[in-house]
Structure formats: C-alpha cells, structure tokens
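Here are a few exercises to work through with the model open beside you. Try each task before reading its solution.

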Amino acid sequence: MNRICDLFGIKYPVIQGGMVWCSGWRLASAVSNAGGLGLIGAGSMHPEVLREHIQKCKKATDNPFGVNVPLMYPEIETIMNILVEEGVKIVFTSAGSPKKWTGFLKKHDVTVVHVVSSALFAAKCEEAGVDAIVAEGFEAGGHNGREETTTLCLIPSVRKATSLPLLAAGGIGTGEAMYAAMALGADGVQIGTRFALTHESSASSAFKDFCLKLNEGDTRLMLKKLAPTRLAKNEFFNEVEEAENRGATPEEMRELLGRGRAKKGIFEGDLMEGELEIGQVSAIINECPTVDSVMHQLISTFNETAARLSDTRF
C-alpha cells in the first residue's frame with residue numbers, strides 16, 4: 001500500500017510537476033497513461049487556454065490527472081472557477097498561502113496539494129486542511145524557496161513536521177533518487193526536469209537540446225530580490241548576474257526581467273535572451289525519450305535499488 005497511490009488512484013507514486021511552458025495536456029495525459037499523475041501547468045496559460053487543455057486531457061486519458069495553479073496568478077478567481085466547472089478533481093497549489101483557496105476547492109470535492117520549501121510552511125499547510133504536501137528542495141528548476149534547503153535535508157525535516165502524505169521534489173530524476181527520497185520519509189516524488197526533457201513536453205526542441213548539454217554548475221538560483229528562480233546560464237543569465245552583483249534594486253530587476261522571458265526561452269527556444277528555467281538534475285540527463293520510457297526506467301531502477309539494498313547490513 002502507498003498513501004500517494006491511494007490518494008490519487010494511480011499505479012505509481014510519481015507526479016509530474018506542473019511546469020510553465022512544458023506541461024500541457026500532451027505531457028500530463030502521457031504521464032497519467034503511464035501510471036503516474038500528470039499535471040497541467042496553469043501558470044503559463046490564459047484562463048480559456050487552460051480550459052482547452054483540461055478538455056483535451058480528458059479525451060486523451062481515462063486516468064486521473066490534475067492542474068498546478070500558482071496562487072499569485074493574476075486571474076486566480078477565474079482559474080479556480082474553471083477548475084470547478086470542468087470537474088478537475090486534483091489541484092496542486094504553489095507560490096502563496098493555501099488558506100485562501102483550499103476551503104473553496106474542498107467544498108467541490110477537490111483533492112488539494114500544496115508545494116512548500118520549509119517545515120514551517122508544511123505545518124501551516126496541514127492547518128489549512130490540504131490533503132498532501134510537496135516539499136521541494138532548491139535543486140529544483142524554476143521558482144524556488146528562499147530558504148535554499150536541499151531536498152536531502154528538507155524531506156526528513158518536513159516529515160517530522162507533518163503526518164500528511166508527502167511528496168519529495170527537487171533533484172529527482174532517477175529511480176535511485178526516488179528510492180532515496182522515500183527512504184528519508186517521502187511517500188512519493190514529484191518530478192519536473194526529467195519530464196520537461198521528454199518527447200511529449202511542450203518545451204521547444206531548441207530548449208530541450210540546450211538542456212541536454214548542461215553540466216554540473218550550469219544552473220544557478222537567481223533573481224533573489226524578486227522570486228528566487230533556478231536558471232541555466234546564457235546571455236540573459238549573465239545580465240541578471242551583473243545586475244545583482246552591482247546591487248540593482250527590485251524595480252531595476254523587474255525592468256530587466258520584463259514580460260514573457262520564460263515563454264521566449266522555454267517555449268520559443270530563444271537561447272540567448274530567454275529565461276531558461278531547469279533543475280540541477282539536468283546535468284545527468286542526456287537524452288529526450290518518451291514519457292513511457294522515462295516511467296519504465298524510473299520504476300525499474302527504483303525496484304532494482306530496493307532489491308540491492310534490502311540485505312545490506314553493517
């Protein structure tokens with residue numbers, strides 16, 4: 001028995017992160033069809049685009065899927081109403097307090113999961129009534145916690161702080177890493193970067209090819225005066241680094257960031273001026289297979305690791 005599988009009605013305790021410009025209906029449905037839980041990433045979608053993706057995902061899979069919603073979304077009320085209207089039953093929330101919308105979603109029989117970066121916020125999630133928690137270490141790509149706590153340290157800390165079903169995220173892209181996270185107290189894993197670099201991901205081929213060539217140290221946590229974000233190094237990264245080193249104000253950083261940088265980099269493939277959000281685990285990924293292939297590899301290496309270590313004694 002596994003609490004995550006039971007909670008979502010899925011075969012494997014593997015959730016695909018709801019990543020901007022990567023996580024459309026094709027990726028979400030492919031992960032759900034492969035036995036995990038696919039998430040549509042609402043953060044890069046206008047409301048009616050999100051509705052379209054939900055409807056297409058329903059047609060593409062008979063298995064459970066969900067939607068990830070950043071709570072700082074400017075049209076959050078419209079988004080929440082669309083989720084209810086379309087009968088979405090699993091919602092992952094992030095980037096904000098879960099208190100405001102958890103009650104609303106629960107009234108409509110929605111399973112609610114919130115993403116945190118500290119044990120303190122995990123405890124607050126339990127108080128807010130969420131059904132499960134994602135604890136994300138700072139190895140993760142994209143928006144990140146200010147605490148800069150690694151997954152290896154975060155999971156046991158959060159496990160002590162809450163009894164809720166717990167998903168580990170950040171730096172997990174292999175079955176061995178999945179086993180390690182569960183050994184530390186997680187009930188399952190949420191995986192972003194490994195699924196971002198698959199055939200079904202909606203990221204541009206140029207972005208995927210770029211990320212497959214990254215090495216250790218080629219991503220860093222930047223934009224700390226705004227919202228800490230892990231970026232791969234490129235010309236835009238260099239501009240951000242120069243501005244931060246000279247002490248640019250938050251207003252100057254917002255002007256530099258402008259609008260549409262992530263879309264330009266991830267979706268349109270502008271490798272010079274785009275914002276290239278990807279996790280540290282990209283350094284050990286060198287191919288862009290199908291979701292089915294990734295899931296098979298995750299589960300097979302998880303089971304092999306479990307078997308290899310089952311008789312280990314010192």
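A salt bridge here is a side-chain nitrogen of Lys or Arg within 4 Å of a carboxyl oxygen of Asp or Glu. By that rule, a search of the whole structure turns up 14 salt bridges. Keep in mind that this is a predicted model, where local features need pLDDT of at least 70 and side-chain atom pairs count only at pLDDT 80 or more, while totals for chains, interfaces and linings use all residues. Residues are numbered from 1 along each chain as its sequence is written, and side-chain values use heavy atoms, with hydrogens and water left out.

**Exercise 1. Work out which parts of the chain the Glu86–Arg51 salt bridge links.**

Step 1: start with the pair itself. The side chains of Glu86 and Arg51 meet at 2.9 Å, N to O.

Step 2: Glu86 sits in the loop between α4 (76-85) and β4, and Arg51 in helix α3 (residues 47-60), so the pair links distant parts of the chain, 35 residues apart. Helices (H or I, at least four residues) and strands (E, at least two) are DSSP runs, numbered from the N terminus.

Step 3: check burial. Buried means under 20% relative accessible area, exposed over 50%, and partly exposed in between (1.4 Å probe, protein chains only). Glu86 has 11%, so it's buried, and Arg51, with 18%, is buried too.

Step 4: look for partners. Glu48, Arg51, Lys58, Glu85 and Glu86 are linked in a network of salt bridges.

**Exercise 2. Describe the salt bridges Asp131 forms with Lys106 and Arg159 with Asp187.**

Step 1: take Asp131 and Lys106, whose closest N and O atoms are 2.6 Å apart. Asp131 is in the loop between α6 and β6, and Lys106 in helix α5 (residues 99-107), 25 residues apart. Asp131 counts as buried at 19% relative accessibility, whereas Lys106 is partly exposed, with 33%.

Step 2: now Arg159 and Asp187, which meet at 3.2 Å, N to O. Arg159 lies in helix α7 and Asp187 in the loop between α8 and β9 (188-191), so this pair ties together parts that are 28 residues apart in sequence. Arg159 is partly exposed at 21%; Asp187, at 14%, is buried.

**Exercise 3. Sort the buried and exposed residues of α7 and α6 by side.**

Step 1: recall that an α-helix has 3.6 residues a turn, so residues three or four places apart point the same way.

Step 2: list the buried residues of α7 (residues 151-161), which are Thr151, Leu154, Ile155 and Val158. They span an arc of only 100° around the axis, which puts them on the same side of α7. The arc is that of the directions from the helix axis to the C-beta atoms. Leu152 and Lys160 are exposed on the face turned away from that buried side.

Step 3: ask what covers the buried side of α7. The cover includes β5 (111-116), α6 (119-128), β6 (132-136), β8 (166-169) and α8 (175-183).

Step 4: repeat for α6. Ala119, Ala122, Cys125 and Ala128 are buried there. Their arc is only 165°, which places them on the same side of α6. Leu120 and Glu127 are exposed on the other side. The buried residues of α6 pack against α5, β5, β6 and α7.

Step 5: look just past the end of α6. Gly129 takes a positive phi of about 95° there.

**Exercise 4. Find what Ser94 is in contact with and what Lys89 touches.**

Step 1: Ser94 lies in strand β4 (residues 90-94). At 14% relative accessibility, Ser94 is buried.

Step 2: contact means heavy atoms within 4.5 Å. Leaving aside neighbours within four places in sequence, Ser94 is in contact with Asn68, Val69, Pro70, Leu71, His114 and Val115.

Step 3: Lys89 is in the loop between α4 and β4. It's partly exposed, at 43%.

Step 4: not counting residues up to four places away in sequence, Lys89 touches His108, Asp109, Val110 and Thr111. Lys89 and Ala135, 46 residues apart in sequence, are 21 Å apart in space, C-alpha to C-alpha.
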